[in-house]
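User: I would like a close look at one part of this structure, namely the sheet and what surrounds it. Please treat the pairing of the strands in a connected way.

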Amino acid sequence: MLYIIGLGLADERDITVKGLDAVKSCERLYLDAYTSILTVSKEKLEEFYGKQVILADRTMVEQESDAMLDGADVVNVAFLVVGDPFSATTHMDLVVRAKQRGIPVTSIHNASIMNAVGCCGLQLYRFGQTITIPFFTETWKPDSFYDKIAENKKLGLHTMCLLDIKVKEQTIENLM
């Protein structure tokens with residue numbers, strides 16, 4: 001079984017009871033280390049779960065997923081995701097690959113930024129298209145997201161702007 005488990009937004013204790021039960025049943029735990037950043041260390045998760053956690057970067061998930069899925073037809077394997085498993089579309093690819101290999105998949109949802117934004121007083125029903133603002137480089141400065149912001153504004157809708165992160169260079173200085 002492949003479990004895709006949402007961890008919530010804050011720390012190791014945000015996991016749901018159902019998610020924690022699944023984690024405890026797993027032989028291997030992989031932590032998505034590229035679509036978002038958890039506010040606690042991998043070691044803190046390992047201490048809380050009582051199991052080793054393997055960091056899964058973009059390359060591992062997108063190009064080496066076969067190794068992650070090996071044996072998941074006979075033992076439980078979990079892919080841990082900050083927030084909700086399907087707030088990032090890239091996680092659906094892992095589900096598709098597992099199903100193509102005949103591996104059963106169970107997803108366990110949790111809070112994500114997509115619904116937690118309601119705490120700032122904005123009505124969730126008044127959001128238009130969500131956009132991602134990527135990191136610019138000297139030679140690459142895309143502006144395709146601007147049209148969606150303008151379209152949402154024209155329709156009187158809020159825009160959820162997700163900021164790209166540089167997880168390979170993860171330091172507090174890079175995040176500020």
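The reply below goes through the sheet, its strand pairs, the helices beside it and the cysteines.

Analyst: The model is predicted. Its open sheet has 5 strands in the order 3-2-4-1-5, and the pairing is parallel. In general, strands of a sheet pair through backbone hydrogen bonds, either parallel or antiparallel. The edges of this sheet are strand 3 and strand 5 (residues 105–108), each of which pairs on one side only. On average, and with direction ignored, neighbouring strands are turned by 25° against each other.

Strand 2, which spans residues 28–32, is mostly covered, with 4 of its 5 residues buried. On one hand, strand 2 is joined to strand 4 (residues 77–81) by 4 bridges, and the two run parallel.

Together, strand 2, helix 2 and strand 3 form a β-α-β unit that is right-handed. Helix 2 comprises residues 42–49, and Glu-46 lies in this helix. Glu-46 counts as buried because its relative accessibility is 18%, and the cut-off for buried is under 20%. Leaving aside residues up to four places away in sequence, Glu-46 touches Lys-51, Gln-52 and Val-53.

The cysteines complete the description. A search of the whole structure finds 0 disulfides. Cys-120 is accordingly in no disulfide, and the nearest cysteine sulfur, that of Cys-119, is 5.9 Å away. A disulfide would require the sulfur atoms to be within 2.5 Å. Cys-120 counts as partly exposed because its relative accessibility is 49%, whereas Cys-26, at 2% relative accessibility, counts as buried.

Methods
Residues numbered from 1 in each chain as written. Predicted model: local features only at pLDDT ≥ 70, side-chain atom pairs only at ≥ 80, totals over all residues. Heavy atoms only, no water. Buried < 20%, exposed > 50% of the residue type's maximum accessible area, 1.4 Å probe, protein only. Contact = heavy atoms within 4.5 Å. Pairing = 2+ DSSP bridges. Right-handed = clockwise from strand over helix to strand, strands pointing away. Axes fitted to C-alpha atoms, helices over the stretch in contact; angles between N-to-C directions.
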